[in-house]
Amino acid sequence: MVARLETLTRPAPGLDFRKPSKQRQIGIGLGLVGLVLAVIAGIGNFAAAGDVADGTAGETLRWTFGLSVAGFGTVKLGIAVILVGILVRLWLRVAAVKETMPLVKAPGDGTAAQTGTYDSAWGKATATTTAPGPLPIHKMARTMWFPMLAMGFMALMIGLVLALVSSGETNPGSVASLFAWAQGTMFLGEAMLLGGIAFLLGSILAAIRDGGGEVQETVGVTVKTLKMPASAKAFVGLMMVGLMLGVAQFVLYIFVAANASANPGAWFAWLGPLREVSLGVLLASIVLALYTIGSTLGFQFDRMKQIIGTGK
Amino acid sequence: MTTKTRSTETLSTDFKIDISDHGLGRNKPQRVGRKLVLPMFAMALMGFAGGLIVAIIRAAELSDNGASDATEVLKHVGAGFMFIGFAAVFAAISFAIARILGEFRAGGGEVQDTIGTRTVNTLKMPASAKVFLGGMMMAMMLILIPVILHFVFAADITDTLASLEQSEERFIVLEGIRRIGVALYLVAIAFGLATIIKVLRFESIRIRELPNN
């Protein structure tokens, strides 16, 4: 599974590093399709506002909900495709540095740099003679990003169908039940899509770490690697909380759909914000992942300058 | 030392670059991004917490058959808080992307400086980065204007059928605008990430040119 996924995130043999990225174009295309869907849903909402007095706004609002969430999901899928493109380009950059570094680095004075843990400008780092292996969370990220995206998109499509069906339904009991299913399923899908994006960001962090190690080993210098920063630990924690909240809201929506004695209005009043919080927490975890990527890149550029300047 | 910068397309590729005698460092949006990413992150968490607390209070009112105007006020206020959270978290993501782009720009220039290349080549801001910035600003407006209006309309609700209907109409319209804002923000983020791909492509080409420069 991991090996097959690596064919997507590693450059294909013979890929020309000068050519523009296909993933970039596909990702932007998907993003624009998602935006169009959300705009159509927004216009639907404006039209529905005029139907509040006669009590028919609900029918429109159910399909606009489905369409807008499907639109968000499509943009997120586009973002995931772009992240795959970033992974491919990171490995092409590693190949470029491996090729060039021996030609531009200082000859060195014959002594090796000290090994062990030290404080860098970007946080605690380790110096070793060989490249450290991937962290367990990196292995998990490389395995999980694709299943999460696939399951998320499927849940989103199932939820969209349920929202459209509930829009045409007239029996109040069936409407409440169907729309509860639609909301829970669609936001579970959204949470999974964001989880897939978070795992892709974890894979990018893994690629920066592994690539940096490979380059330093190839050049024959001490391998310096940034230790997992606090922002990365918080990223993993927030991502897990966000995913758990996404599953919890799904279970609670099913409970409301199945329980005739439940007061749907009261339940929906806090389940709606709960599902939004689940996505908010996942987005917050993505902020921390991007922040960590920025720090690891800063560390990597400092290390490149060090090797070029001192040769060790 | 003064930096002489001129535009050229002298590379074998079609990149638009700045050529200077030393690294150009981070540009203004990247410096802003570095400073604001964590404050925006903190604001997002506060917005989400506020939105969820208001929603729980509203759910309690509804289950106790509380006053209609009170639940309607809480609906607007809750959405206002929740979307302060979303506006802040999307801003934080955008700033974090700008910070990454800043590391590439500053780090790439410093590496060329360290090697002692005759010229330091820096990628000019690509069109995708401009779309990223413009889209982000428009999306921010499309989320923040409804947020302000949610609080304004909440203050305008009275316990009459006409007022409650008007409040519901306003909520539906604002929801539509917010949704467009969220989708636009996500698309802007996609363009920001697409810029990273372009920067990586430029770097792969430039790194291979360094030994001969």
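The model is predicted: local features need pLDDT of at least 70, side-chain atom pairs count only at pLDDT 80 or more, and totals for chains, interfaces and linings use all residues. Residues are numbered from 1 along each chain as its sequence is written, and chains are lettered from A in the order in which they are written.

Chain A has seven helices and three strands; helices (H or I, at least four residues) and strands (E, at least two) are DSSP runs, numbered from the N terminus. Their order from the N terminus is α-α-α-β-β-α-α-β-α-α. The C-alpha trace of chain A spans about 85 × 40 × 35 Å along its principal axes.

Chain A gives 68 residues to the contact and chain B gives 63 residues, where two residues are in contact if their C-beta atoms, placed from the backbone, lie within 7 Å. On the side of chain A that touches chain B, α7(A) has the largest share, 24 residues.

In chain B, helix α1 (residues 28-63) and helix α2 (residues 68-115) pack at about 160 degrees with axes 6 Å apart; axes are lines fitted to C-alpha atoms, for helices over the stretch in contact, and angles run from 0 to 180 degrees between N-to-C directions. α1(B) is therefore roughly antiparallel to α2(B), a term for angles over 145 degrees.

The table divides two sets of contact residues by class.

How values were computed: Parallel < 35°, antiparallel > 145°, perpendicular 65-115°, else oblique.
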